[in-house]
Amino acid sequence: MKKKLLILCLVVATVLAFGSMGALAADLSDAAKVDTVIQADPSNITEIEISADCKYAIENGTMVVTHNGVDAQGVFTATFTDDEMNKVLEAAAANDVDVVAFMTNAYSQQPAEAISISKASMEKLAALEESDGVMVCSAMMGGTYLYFHEVPVCTGDNFVMGIGLGEETPYINFDGAETVNAYAVLAGGGEDFNETTVIVEYVDGVGSVLTKTGYDSEYDMIAFPVTGDISFLVDDNIVTFNDISGKWFEPYVNFVAARGIMNGMDQDSFSPDTNLTRAMMVTMLYRLEGEPTVSATEYPFTDVPEAYNWAKDAILWAAQEGIARGMTDTTFEPERNLTREQAATFIYRYCTDYLGYDETTTIDLADYFKDAAQIGTYAQAAMTWCVEYGIMEGIGDNQLAPQGTCTRAQMATIFSRVINATI
């Protein structure tokens, strides 16, 4: 199943020209609605009892299911029976809900929490999500929510998901799942952190920045992908440059620099007006993916000199994954300035072919830009997709400038949107 883009608005006055035109199933407004239901005065919420332990409430297309649990060894675990789940699914179908959130009923409790759902019920949840497009969420106390791109395949008798505060760090873990493809949402993140530089770190004894940490200023929510057990920290990672202060691109440069996607051209300078090269572009994508191991053994291009050792793995990775193709069969032209349509093509292949996001578009760029006919044939689908989903915008005067070059400031802006959309 193709994934839908998650659109997050980035900080100050960021208006995406076409971001609302796509059929987006994943939107932080859903997380905000779940948060609203959970945080509401209980006297204003009508709860319907399924069993002595299980209740649900439906508000604005959002269904929140609570279940009493048992505190065993410091973990408050709620186990949903198959009968309870059947009644939940019947109610969800009857009320045409958009989101079903499962949580422990532990409003006054502070222990680690977990929910347990049987294999049969997980399969029914997956069928509901597939057929009706319903998002499945686990809402844990403390403003942490986990939204599933796809309901995990249960490998044992039960799927168990937990979240809590360990001795030093928060954690999310799973038991009985073959794969996890989800994203976590933390409410209230901007109260303590700088909204442009807030990041999530994996805790692995040393700590490493999670490049795909998004932030939504409208709802004050941090989002990051979760594909398995994780211990994490939320922190500021401020990188200072002396040539971006007060400029329109400052928050975007801060955003990508905090995540290690772009570095300065030297220790103190970002050089925002410098053109981005093709080598720089694929290096940014490579860093965004955490610099994965390159499996190809033969280098396809003959024109990547020793001076480009810093980009060789990135170029090889992008080529082996079909994200970047050479200017010819044997040349990549790493020093060549990147055009806007080339940037759109790299991003489009990365998002749709590599990550598996939906490639559907509904707009005609000629209706909006007077230079749409100048887009190369190879890049038309890519530019349409990037514009429709708010990744790229025009440069003014109804111009898209597909043959124009990309500055480092422009690409910082574009990658901020890519990060926020592909969580």
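**Figure 1. Surroundings of A319 in the predicted model.** Apart from neighbours within four places in sequence, A319 is in contact (heavy atoms within 4.5 Å) with P300, F301 and A324. The residue belongs to helix α6, which spans residues 309–320; helices here are DSSP runs of H or I with at least four residues, strands are runs of E with at least two, and both are numbered from the N terminus. Between A319 and Y299 the C-alpha to C-alpha distance is 9.3 Å, although the two are 20 residues apart in sequence. A319 is partly exposed because its relative accessible area is 23%, where buried means under 20%, exposed over 50% and partly exposed in between, with a 1.4 Å probe and protein chains only. This is a predicted model, in which local features need pLDDT of at least 70 and side-chain atom pairs count only at pLDDT 80 or more, while totals for chains, interfaces and linings use all residues. Residues are numbered from 1 along each chain as its sequence is written, and side-chain values use heavy atoms, with hydrogens and water left out.

**Figure 2. The largest nonpolar core and a second, separate one.** A nonpolar core is a set of buried Ala, Val, Leu, Ile, Met, Phe, Trp, Tyr and Cys residues joined through side-chain atoms within 4.5 Å. The largest has 67 residues, of which M281, Y350, L365, I391, M411 and F415 touch the most other members. Helices that each supply at least two residues of this core include α4 (250–258), α5 (278–288), α7 (340–354) and α9 (408–421). A second, separate core holds 45 residues, among them M85, M122, L128 and M161.

**Figure 3. Contacts of M411.** With neighbours within four places in sequence left aside, M411 is in contact with L276, M281, M284, L338, A343 and C406.

**Figure 4. Lining of the largest cavity.** A cavity is a set of points on a 1 Å grid over the protein atoms alone where a 1.4 Å probe fits but cannot get out, and lining residues have an atom within 4 Å of a point. The largest cavity has about 60 Å³ of space and is lined by 13 residues, with I115, I117, V136, F148 and F159 nearest its centre. Strand β10 (135–140) is among the elements that each supply at least two lining residues, and its three residues form the largest share.

Conventions. On a 1 Å grid over the protein atoms alone, a cavity is a set of points where a 1.4 Å probe fits but cannot get out, and a pocket is an open set with protein on both sides within 12 Å along at least five of seven lines; lining residues have an atom within 4 Å of a point. Grid points are joined across faces, edges and corners, and a volume is the space filled by probe spheres set on the points.
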